[in-house]
Amino acid sequence: MKNIVILISGRGSNFVSIAQAAQRENWLADGVRIAAVLSNRPGAAGLERAREMGIDSIVVDHKLYATREEFEEAMIAAIDPLKPDVIVLAGFMRVLTARFVDHYAGRILNIHPALLPLFKGLDTHERAIAAGVRVHGCTVHYVSTELDGGAIIGQAVVPVLPGDDPDRLAHRGLKLEHVLYPRCVRAAALGKVRLEGGRVKMDDETAASLVVMSNEI
């Protein structure tokens, strides 16, 4: 069985989209399961959604630890027994140290609301509009010690329209995140996507499925 652990801090809309895809597409038949959802916030709305969907939930409250390092060691202690093949960041609002990233090297996925390598960091929708780009979107990538610098797995593209403001553009982009992220997570869990020598390896068919255009929503 290939185990997925999903890290959240809030409502976890991307977590829900992944869990719904797992149920709808019967990932269990392929030997893939969401082993648990972990939150650093006890009151995260996504924990209740996990319980409703019958998925185990774990809380490691970052406020109970004096340092980031102590918090991450507690997370590792909670995650390691699950033997994770893929760790998914789904609105997890804590910066990870090199210790955590290296411990799960090649297994941590994140989604960024821009077409990397453009617009790393925050305020991506505002910056895209200000730059006058004609397309925007989101990127699923492996997590590295460089901010938003890990190898790219998949991308989704939406047009930037003349009437767009950051909220409108973000809303359209989020719909694509909910299509792209489950595909990338499943592909990674099945070994159809893998990290070798700092580069992503996959076949042509898998690569084509991990490029999503706005007409798919």
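Lys-83 sits in the loop that connects helix H3 (68–79) with strand S4 (86–89); helices (H or I, at least four residues) and strands (E, at least two) are DSSP runs, numbered from the N terminus. The model is a predicted one, in which local features need pLDDT of at least 70 and side-chain atom pairs count only at pLDDT 80 or more, while totals for chains, interfaces and linings use all residues. Residues are numbered from 1 along each chain as its sequence is written, and side-chain values use heavy atoms, with hydrogens and water left out.

Lys-83 is not a glycine, yet its phi is positive, at about 50°. With 63% relative accessibility, Lys-83 counts as exposed (over 50% relative accessible area; buried means under 20%, and partly exposed lies in between, with a 1.4 Å probe and protein chains only). Phe-119, likewise not a glycine, has a positive phi of about 55°. Phe-119 belongs to the loop between S5 and H5 and, at 15% relative accessibility, counts as buried. The loop between S5 and helix H5 (124–131) also holds Pro-117, which is joined to Leu-116 by a cis peptide bond with omega of about 10°. For context, most residues other than glycine have a negative phi, and most peptide bonds are trans.

Turning to the sheet, eight strands form an open arrangement in the order S3-S2-S1-S4-S5-S6-S7-S10, with mixed pairing (two strands pair if DSSP finds at least two bridges between them). Strand S3 (57–59) and strand S10 (211–213) each have a single partner strand and stand at the edges, so one side of each is left without a neighbour in the sheet. Within the sheet, strand S5 (residues 108–112) and strand S6 (residues 135–142) run antiparallel and are joined by four bridges. Leu-109, for example, has Tyr-142 in S6 as its bridge partner.

A cavity is a set of points on a 1 Å grid over the protein atoms alone where a 1.4 Å probe fits but cannot get out, and its lining residues have an atom within 4 Å of a point. Grid points are joined across faces, edges and corners, and a volume is the space filled by probe spheres set on the points. One cavity of 30 Å³ or more is counted, and the largest cavity holds about 40 Å³ of space. Its lining includes Pro-113, His-125 and Val-158. The largest share of this lining, five residues, comes from H6, while S6 and helix H6 (166–189) each supply at least two residues.

Key. 1 Å grid on protein atoms, 1.4 Å probe; cavity = no way out; pocket = protein on both sides within 12 Å on 5 of 7 lines; lining within 4 Å.
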